[in-house]
Amino acid sequence: MGASVAISAVGSAAPSLRISAAAIGEAWGRSGGRSVSAVCAPDEDALTLAAAAAVDALAHADIDPSSVDGLWWGCCRPPFAEGPSHAVLAAAIGLASHAGGALLSGSPHSGIEALLGAADAVAAGSARTAMVVVSDALVPGLGSGFESRCGAGAAAVLLSADGGSASISARVTRTHPWLDRYRGDGEATTRDLYDARLFREEMFLPPVQEIADHLSALDVRAWSLPDPDGRLGRVVAQHVGAAIVSSADIYGALGDTGAAAAILGAIGAFDVAGPVAIVATGGGRTTGILVTVDTPVPGATTVATMIAADARDATYSDVLRARGQLKPAGEQIPMGVPPESALFARGADEMLQLLAGKCADCSTLNTPPSIHPTCIACGGSKLEPVGLARHGMVHTFVVNQTMPAPFVAPLPIAVIDLDDGARIMLQVVGDGADLAIGDEVDLVLRRYAHERGVPVYGYKSKKRAVERTSTHATRSEKLTPPQDRDGARNLESKAV
Amino acid sequence: MAWNRVAVVGAGLIKMGELFDQSFEMMAAGAFNAAVASVDKGFDPKAVEAAFVATQRGTLWGQEGISGNTVPTAIGLAGIACTRIENACPSGSDAFRVGAMAVASGVHDLVLVIGVEKMRDKSTEEGLLSRAASGHPILTRGETAPVLFAPFATRHMHEFGTTREMLASVAVKNHHNGSLDPYAHFQNEITIEQVLASPAVCTPLHLLDCCPQTDGAAAVLLAPADRAHEFTDRPVYVAGFGVATDHPYLHEKTSFVTLQATVEAAKRAYAMAGVEPADIDMAEVHDCFTITEILDIEDLGFVEKGKGGIASLNGETALTGRIPVNTSGGLLAEGHPIGATGIAQLAECWWQLRNEAGDRQVEMRNGLALQHNVGGRGSGVSVVNILTTNR
């Protein structure tokens, strides 16, 4: 590990739906417990969450995405089982086309693999700035114990060779070829543990406690610990005498976020100087690292805001529909342009990168370039591709209530005047019930469709809840009361 | 001075509706035979030299290869010159303009212009709604037909205080007119309350703000003006026409309270006919949605910009109003079989000019009628035709 690898900023994201274990239990005719899990809306998935976390980290670092040398993405379940998952994410967050990096996948351990892979690249000098993104939106088996634990979320960490607020100061790994949670080729859902006692005694506690013991010798201030069943996190916390278990906040608010859990559970603790220990396990591997925080890391304090903001309570059937587990009978008519087609190749990429053709003569932004070989304002033919602003105002809008499958009504669509003067028409996140002319919107990545089995991504507009100046105050009011969060932390240090 | 080189000597259509029992060919024959039968002094069908066929949704089952050669065989005229015209919702009105130019050029004397459209051979979801996913893979996703006009309603309401009641008054008037039209798809009266209470289709437009999906066909017969009296003592002349385009995509529009293509097409048609908006006695305009008619009557110069809603509510466009609009019932009640729509509107103008419109006849002071369509991703192209009894 080169001493020059620093963490310069972090980011985080959660999906828009929440489901209570009670609602899941009710569907199965049993008591469900008190936990809550985060679930993706139909237009969200592991890739859109990853993009949101990455954009958040870039904003906190205040750097341009084109200066990032590589993207390391850890995700159990990348949206293209085989396909351009990494490339689509990189394009969507605006990385340069020469950016490198890797997609690490296959288990919840892949998140820490992404962080260490990126750190090694910076230490080796092959990247000066590296973006680490960890995200997941797993799909549990219906009626399984995992169903009420299965969550979704994302975290991003920007690593830099040019200094920052924190550094990775230790790492330790143990490998055992054991099977725990599993999903086979062609299986839609993640299988639950085969035997909870076997998992606890033979697969989980021995390596996790061994790794945690190594780290606990290093005067750890806060811990991010795996908690696959809602109990084992507390067992490990008690074993090492942890005072602050920041991951408990994330498990409590979002559920098990898979490959995102270890890092998402840690970055909230990057707000105070001191060592933070992170333990990740899964896929037969357990790794611990120590992050030494020198000064508060930009973005760390917003993790609490993120987990408390903008969530909607969903019913069990909302969740099943969103995950594609509840589908109408009959043949679904293929819609739109096949994602493998030339039209798609010409048209989708420019929308993913939010490109316009800027007229060399009159500076008009022609959106998008593929349909504008000639400037719409002056007829000029010299057009240079440029990125569009990602914030604007609603000029006019509709809420489409009559849509053929696979569209889901109500579907708001708005004509937006962007800050750079370009005009664009995009779908709007949500049901549009409170949309009005003049509303401020941000452009956010969403999954538009599963077209002939292929996920299709593009930007949508999302209404800002309140004006920029008062955002902080309003969001603070929505935060989980401090005593609740402390309560969650204290639970971790109690004996079980 | 009006152009007046071409006369309309016959016009006919079939009863519009969901014509599940009629093929494309049967509808074409029905409209052609009706047009032939309408000619006062008789017309030998074999005299038709050329036909222009308007049909827009040429992708429906069994029509994938619809072209100029489909109609002549259906109407017993295999062998004549025949060309398909596709120009979005103004396909029919543009085919009329092209047919008139063919006659005026002297290349052909007797020309058939016919519009035929099957809207209901595919299920609702596979038909017009499927355009929700057509075009650019992201930019136009979710853009069903009402999405093309509802943003104008939102903005018109915002800028001018237009209300849903004002929009609804258009549907109420056109349904009333349709109740007097034996060819109309819908022949029932409705109330403002019914329009307001109908289900939301694309906010702020509700079900009764929207035209139906209609199968239909319409035909007109054209002849040189100086031969018109061979066929009738009451000819109707083509006074002028105009076509104009606008940027097709919604985000390319500079205004959401004006359809610029209509403004330009109207300007050209008025100039060609040598008339002003105030000279027009009645108009058949494109009312695919209630908001569209409000935009039309403003953009065609019948009412001041922003006053279309209140003018409609106040009855200025009713049969007895200052400028009767959509006496046939319009697209909202007579129906919108896309390629046939413009030609059916021209047939209504022809009847009104000849005082043959029965219970929906309006007073023709100047002998001038205007027909208008707009379409093509909503409002990318507009056609205006002006007919007259003056020579």
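**Crossing helices, a sheet and its cores**

Mentor: This is a predicted model. Start in chain B. Helix H3 (residues 91-104) of chain B and helix H11 (residues 338-353) of chain B cross at roughly 65°. Their axes come within 5 Å. Which residues of H3(B) and H11(B) meet there? From H3(B) come B:Ser91, B:Gly92, B:Ser93 and B:Phe96. From H11(B) come B:Gly339, B:Gly342, B:Ile343 and B:Leu346. The residues of this contact divide into three nonpolar, five polar and no charged.

Now turn to chain A and its domains. The domain assignment gives domain 1 (6-326) and domain 2 (348-464) of chain A. Their centres, taken over C-alpha atoms, are separated by 31 Å. Domain 1 of chain A puts 14 residues into the contact, and domain 2 of chain A puts in 13 residues.

Next, the sheet. Ten strands of chain A form an open sheet with mixed pairing. Read across, the order is E5-E4-E6-E7-E1-E8-E12-E11-E9-E10. Look at the edges. Strand E5 (100-105) and strand E10 (244-245) of chain A each have a single partner strand, so one side of each has no neighbour in the sheet. Strands of a sheet pair through backbone hydrogen bonds, either parallel or antiparallel.

Take one pair of strands. Strand E11 (residues 274-282) of chain A and strand E12 (residues 285-293) of chain A run antiparallel. Nine bridges join them. A:Val276 stands opposite A:Val291 in E12(A).

A helix lies over this sheet. Helix H4 (residues 110-124) of chain A lies across several strands, among them E5, E11 and E12 of chain A.

Finally, the cores. The largest nonpolar core has 64 residues. Which of them touch the most other members? They are A:Met131 and A:Ile424. The largest share of this core, ten residues, comes from helix H2 (residues 46-61) of chain A. Where does the core lie? Domain 1 (6-326) and domain 2 (348-464) of chain A both give residues to this core, so it lies between them.

Leaving out residues up to four places away in sequence, A:Met131 touches residues including A:Ala54, A:Leu58, A:Leu71, A:Trp72 and A:Val157. There is also a second, separate core of 47 residues. Among its members are A:Ala114, A:Ala127, A:Ala253 and A:Ala266.

Conventions:
Residues numbered from 1 in each chain as written. Chains lettered and ligands numbered in written order. Predicted model: local features only at pLDDT ≥ 70, side-chain atom pairs only at ≥ 80, totals over all residues. Heavy atoms only, no water. Axes fitted to C-alpha atoms, helices over the stretch in contact; angles between N-to-C directions. Helix = DSSP H or I, 4+ residues; strand = E, 2+ residues; numbered from the N terminus. Contact = heavy atoms within 4.5 Å. Nonpolar A, V, L, I, M, F, W, Y, C, P; charged D, E, K, R; others polar. Core = buried A, V, L, I, M, F, W, Y, C linked by side-chain atoms within 4.5 Å. Buried < 20%, exposed > 50% of the residue type's maximum accessible area, 1.4 Å probe, protein only. Domains from an automatic or database assignment. Pairing = 2+ DSSP bridges.
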